[in-house]
Amino acid sequence: MTPEELSGRVRDFLAAHDPATTDRLELLRARFDAGLAWVYYPEGHGGLGLPRSMQAVVDQLLAAAGAPDIDPSKNGIGLGMAAPTILAFGTEEQKQRFLRPLWTGEEVWCQLFSEPGAGSDLAALATRAVRDGDEWVVNGQKVWTSSAHLARFAILVARTDPDVPKHRGITYFLCDMTDPGVDVRPLRQITGEAEFNEVFLTDVRIPDSQRLGEVGQGWAVATATLNNERVAIGGAAAPRESGMVGVVAQTWRDHPDRQTPELHERLVRLWVEAEVARLTGQRLRQKLAQGQPGPEGAAMKVSFARLAQQLSGLELEILGEDGLRFESDQGWTMARPDHVDFTGRDAGYRYLRAKGNSIEGGTSEILRNIVAERVLGLPAEHRVDKDVPWKDLAK
Amino acid sequence: MTDLDLLYTEVEDDLRSTVRELLADRCDPAAVTAMYDDDRSVVDRLWKAMAADLGLAGLLVPEDRGGAGASAREAAVVLEELGRFAAPVPFLTSAVMATTALLDTDGPLLGEVASGERTAALAVPLATSPRSDLPSVPVTDGRLVGTITSVAGALEADVLLVPGRDERGVNLYAVPTADVTVTPVVSLDMTRQLADLTFEVAVGEPVLTEAEPTIRNALDTAAALLPSEQVGIAQWCLATTVGYLKERKQFGRVVGGYQALKHRLADLAITVDSATAAARYAAATLAAGDDDVLVATGVAQSYCGDAAVAAAEETIQLHGGIGMTWEHPAHLYLKRAKADQIALGTSGEHRARIADLVDLPAPH
């Protein structure tokens with residue numbers, strides 16, 4: 001399909017569904033059914049099987065016509081991680097059941113991966129899932145769960161076989177967050193707010209039809225999710241000066257009284273690095289135009305985190321006295337944000353929130369291991385636990 | 001700022017293979033190292049093969065003017081390979097810089113340079129950034145009298161394009177090298193050896209009058225493409241160091257397995273990959289005549305120069321003692337990278353230029 005043919009299809013869609021008179025949700029559902037949600041997805045699942053680059057054609061035409069947006073920041077985990085994983089590993093029934101409400105935002109998703117005892121070493125996770133007829137009974141504790149208090153569903157990894165080495169005994173599930181055994185508790189963080197949660201799972205029952213992939217294959221499924229997460233965090237398509245660098249450049253322009261040669265030198269250096277990171281992301285996306293992301297996303301995320309941290313730190317110094325004041329938004333008041341915006345709120349928040357960028361979605365240290373081992377082919381870290389059954393590991 | 005292709009086309013990959021094959025055959029590191037001991041014999045045969053036999057001298061020249069009619073993207077690929085081999089040929093100085101200036105002239109010289117029959121150099125110091133004051137030689141009574149120092153490509157050139165200044169402005173004169181006192185400089189980077197030029201020569205008509213925009217455009221073009229050479233240097237450094245650290249054993253194990261070194265190499269890989277994107281974008285904007293070319297050039301110059309130096313410095317350190325020896329080629333790359341970082345303006349000069357272009361001017 002040419003871009004012109006695609007444009008024609010969008011125009012036909014708009015003719016049949018006038019944004020001015022159509023209900024927002026109805027319009028989004030119709031857009032999904034017309035294959036105009038994510039055109040790079042297969043037909044029947046909100047797409048048309050086109051190259052990723054063609055999405056811009058649709059987005060621009062619909063935005064120009066005043067059609068509503070899906071507000072992707074409210075369902076980042078769903079769109080960036082759950083959806084591509086369901087698409088890659090899900091059954092036809094699962095794709096039909098979950099993708100449409102996920103895309104329209106009717107069902108928000110969260111990620112039940114990390115545990116108090118399984119952070120970088122995610123495969124050591126201890127949450128147990130035990131089969132009971134057509135269901136699985138899940139018990140355990142998850143942590144760092146963004147949006148758990150808003151989510152309708154979760155992607156969940158749990159241990160289904162403790163008698164085999166840790167990577168082999170994991171299974172991937174789609175968990176209903178309204179199950180009475182799911183207890184979500186806010187986890188307050190250094191910004192003062194509780195964007196994350198602890199999630200306690202007590203006898204949560206998940207039908208086997210909500211298992212994603214084979215029993216014991218959960219690690220491979222989770223790896224695909226994590227590669228998508230790193231691309232989602234580090235490699236989003238963006239114009240120049242988007243993200244943190246744009247915010248800080250604007251702060252600089254707005255404060256001529258605070259400009260010094262030393263701050264200027266640092267700002268321009270970081271501006272160049274941010275622009276290079278943007279181009280590197282563009283180049284990576286061109287490479288990955290087809291297929292699943294591999295370890296390359298790890299490198300992008302390391303750069304993204306470093307730049308976000310350095311830029312947001314510089315911004316506070318540009319602000320000087322104002323940088324000392326943490327009062328411009330809601331101060332330290334405990335709040336439960338309904339979406340995460342790394343570049344939102346005030347400079348103090350941005351500085352503190354950016355500290356998470358080198359931890360969430362794989363620490364920068366683990367990502368450097370991935371680049372060294374899987375991109376450069378250097379020897380893997382020594383792993384004493386690789387061939388030991390999970391139940392025999394030191395805990 | 002359209003979504004330009006930052007990868008390589010099939011044609012570009014083919015060109016790369018051809019150039020790499022030639023360099024692997026005729027640009028032996030030992031022969032390049034010998035240039036530091038005054039044996040420059042590698043240069044002529046290598047440049048003849050590249051310029052005339054492969055037709056690379058005319059890469060940027062339209063077909064109707066005797067060239068190959070290729071674009072800056074292909075020239076960038078050639079430069080990547082030249083960087084990878086620290087190759088001592090005057091491609092950047094003759095086929096890019098002087099040729100770009102000659103594209104604004106009439107007359108036979110462009111065709112002669114494009115065919116590889118003659119080799120030209122623009123007589124400006126290698127460290128000249130595209131927006132700094134342009135050095136020029138005064139012209140009085142039809143005579144150029146003066147000096148220009150630290151010029152790259154002059155030793156290999158048989159014709160020099162000299163900015164001469166008279167009461168009307170700056171003109172460009174084509175002066176046979178034989179008429180000029182060319183004093184070789186013992187250079188930090190002998191693979192692009194510099195020369196001081198002393199003029200005391202009668203000149204006829206200039207090949208171009210009001211030549212300042214042409215000279216600056218030639219410098220800008222070279223500045224947009226030098227980053228690709230720096231990427232070639234950096235890629236060689238990374239690949240060579242990773243290869244060595246996979247072999248080298250200490251304390252009974254391969255040193256590339258130590259996390260302290262793995263993380264340094266991972267950071268270097270990220271830097272080199274980033275530099276590749278920046279250099280590719282500069283070449284792509286130049287080739288496409290994109291409005292963003294000046295910003296792209298400044299970004300690539302300021303990033304890739306530092307990246308290549310960082311890669312070469314890591315190569316020396318991570319090779320340990322062997323990296324410090326004359327025998328190991330690492331020093332060829334360190335010297336080339338450091339000289340390239342200063343060539344056509346330091347990264348700081350390019351950052352200052354970008355700052356103005358993107359509305360982040362320096363405070364008063």
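Reader: Hi! Which residues of chain B does the UniProt annotation "domain: Acyl-CoA dehydrogenase/oxidase C-terminal" cover?

Author: Hello! According to an unreviewed UniProt entry, that annotation covers residues 216–356 of chain B. UniProt positions are given in the numbering used here, feature names are shortened, and annotations may be inferred rather than shown by experiment. This is a predicted model, where local features need pLDDT of at least 70, side-chain atom pairs count only at pLDDT 80 or more, and totals for chains, interfaces and linings use all residues. Residues are numbered from 1 along each chain as its sequence is written, while chains are lettered from A and ligands numbered from 1 in the order in which they are written.

Reader: Thanks! How much helix and strand is in residues 216–356 of chain B?

Author: The span is 79% helix and 3% strand, and its end C-alpha atoms lie 17 Å apart. Helices (H or I, at least four residues) and strands (E, at least two) are DSSP runs, numbered from the N terminus.

Reader: And what does the domain assignment of chain B give?

Author: For chain B there is domain 1 (10–119), domain 2 (122–210) and domain 3 (213–357), with bounds that come from an automatic or database domain assignment. The centres of domain 2 of chain B and domain 3 of chain B, taken over C-alpha atoms, are separated by 29 Å. Their contact takes 16 residues from domain 2 of chain B and 18 residues from domain 3 of chain B. Here, two residues are in contact if their C-beta atoms, placed from the backbone, lie within 7 Å.

Reader: Can we zoom in on one residue? Where is B:Thr315 found, and is B:Thr315 buried or exposed?

Author: B:Thr315 is found in helix H9 (residues 293–319) of chain B. B:Thr315 counts as buried because it has 27 C-beta neighbours inside 10 Å. The rule is that a residue is buried if 20 or more other C-beta atoms lie within 10 Å of its own, exposed if 12 or fewer, and partly exposed in between, with C-beta atoms placed from the backbone.

Reader: What is B:Thr315 in contact with?

Author: Leaving aside neighbours within four places in sequence, B:Thr315 is in contact with B:Cys237, B:Thr240, B:Thr241, B:Gly323, B:Ala330 and B:Tyr333.

Reader: What do the UniProt annotations say about chain A?

Author: In an unreviewed entry, "domain: Acyl-CoA dehydrogenase/oxidase N-terminal" covers residues 24–106 of chain A, a span that is 57% helix and 0% strand. The record also places "domain: Acyl-CoA oxidase/dehydrogenase middle" at residues 110–204 of chain A, and that span is 0% helix and 47% strand.

Reader: Why is helix H10 of chain A called largely enclosed?

Author: Seven of the eight residues of helix H10 (residues 347–354) of chain A are buried, so the rest of the structure largely encloses it. Among them are A:Tyr349, A:Arg350 and A:Tyr351. The buried residues of H10(A) pack against H7 and H9 of chain A.

Reader: Last one: how many residues of chain A are in contact with chain B?

Author: There are 34 residues of chain A in contact with 34 residues of chain B. On the chain A side, H8(A) gives the largest share, 16 residues. By class, that side has 18 nonpolar, eight polar and eight charged residues.

Methods. Nonpolar A, V, L, I, M, F, W, Y, C, P; charged D, E, K, R; others polar.
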